Amino acid sequence: MVVFTCNACGEAVKKAQVEKHVNICRNCQCLSCMDCGKDFWGDDYKEHVKCVSEDQKYGGKGFEAKIHKGDAKQQEWIQKIHEVLKKPSISPKVRNILEQMRAFDNIPRKKVKFQ
Ligand SMILES: [Zn+2]
Ligand SMILES: [Zn+2]
């Protein structure tokens, strides 16, 4: 939830309560976002649905890291397959399968699926 500060009375007003606040606070013309500090005149605050800094603070970062972690794991896995392929000892049949699999990015990591 985006929270604004009323520039007239200095009160913290949640976005859902802005309309109510404007009725009470007659001098309220400009609202500043508490998170990013931007000023919003008149009805401009309505456009401010989600604050960027709020997104970064709650989960935005974690979400990104999660994706990145999964991606790194996948890369590691692909790397492993490439290493196996380099070994001269593997049977031509296995090599053939692995060669085919190399074309895909989403090689299943679970043993059952893999087989
Ligand atoms: Zn006010
Ligand atoms: Zn903001």
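C51 is buried, with a relative accessible area of 1%, where buried denotes under 20% relative accessible area, exposed over 50% and partly exposed in between (1.4 Å probe, protein chains only). The model is a predicted one, in which local features need pLDDT of at least 70 and side-chain atom pairs count only at pLDDT 80 or more, whereas totals for chains, interfaces and linings use all residues. Residues are numbered from 1 along each chain as its sequence is written, chains are lettered from A and ligands numbered from 1 in the order in which they are written, and side-chain values use heavy atoms, without hydrogens and water.

C51 is one of the residues that coordinate the zinc ion (ligand 2): the donor atoms are SG of C33, SG of C36, NE2 of H48 and SG of C51, at 2.2 to 2.3 Å. Donors are N, O and S atoms within 2.8 Å of the metal (3.2 Å for Na, K and Ca); water is not among the atoms, so sites may look incomplete. The angles among the 4 donor atoms of the zinc ion (ligand 2) run from 106 to 114°, and the site is tetrahedral, a term that requires all angles of four donors to lie between 85 and 135 degrees. For four tetrahedral donors the ideal angle at a metal is 109.5 degrees.

Along the sequence, the donor residues of the zinc ion (ligand 2) follow the spacing C-x2-C-x11-H-x2-C. C33 in strand β3 (residues 30–33) and C51 in the loop between β4 and α2 are 18 residues apart, and the pair links distant parts of the chain. Strands (E, at least two residues) and helices (H or I, at least four) are DSSP runs, numbered from the N terminus. C33 is buried at a relative accessible area of 3%, while C36 counts as partly exposed at 31%. The number of disulfides is 0, a disulfide being a pair of cysteine sulfur atoms within 2.5 Å.

F4 and F40 form an edge-to-face pair, 5.7 Å centre to centre with 80° between the planes. Because F4 lies in strand β1 (residues 3–6) and F40 in strand β4 (residues 39–41), this pair ties together parts that are 36 residues apart in sequence. Both F4 and F40 are buried. The rings of F4 and Y45 have centres 5.9 Å apart and planes at 75°, so this pair is also edge-to-face. F4, F40 and Y45 form one aromatic cluster.

Conventions. Phe/Tyr/Trp six-rings, centres within 6.5 Å; stacked < 30°, edge-to-face > 60°. Tetrahedral: all angles 85-135°; square planar, octahedral: opposite > 155°, others 65-115°.
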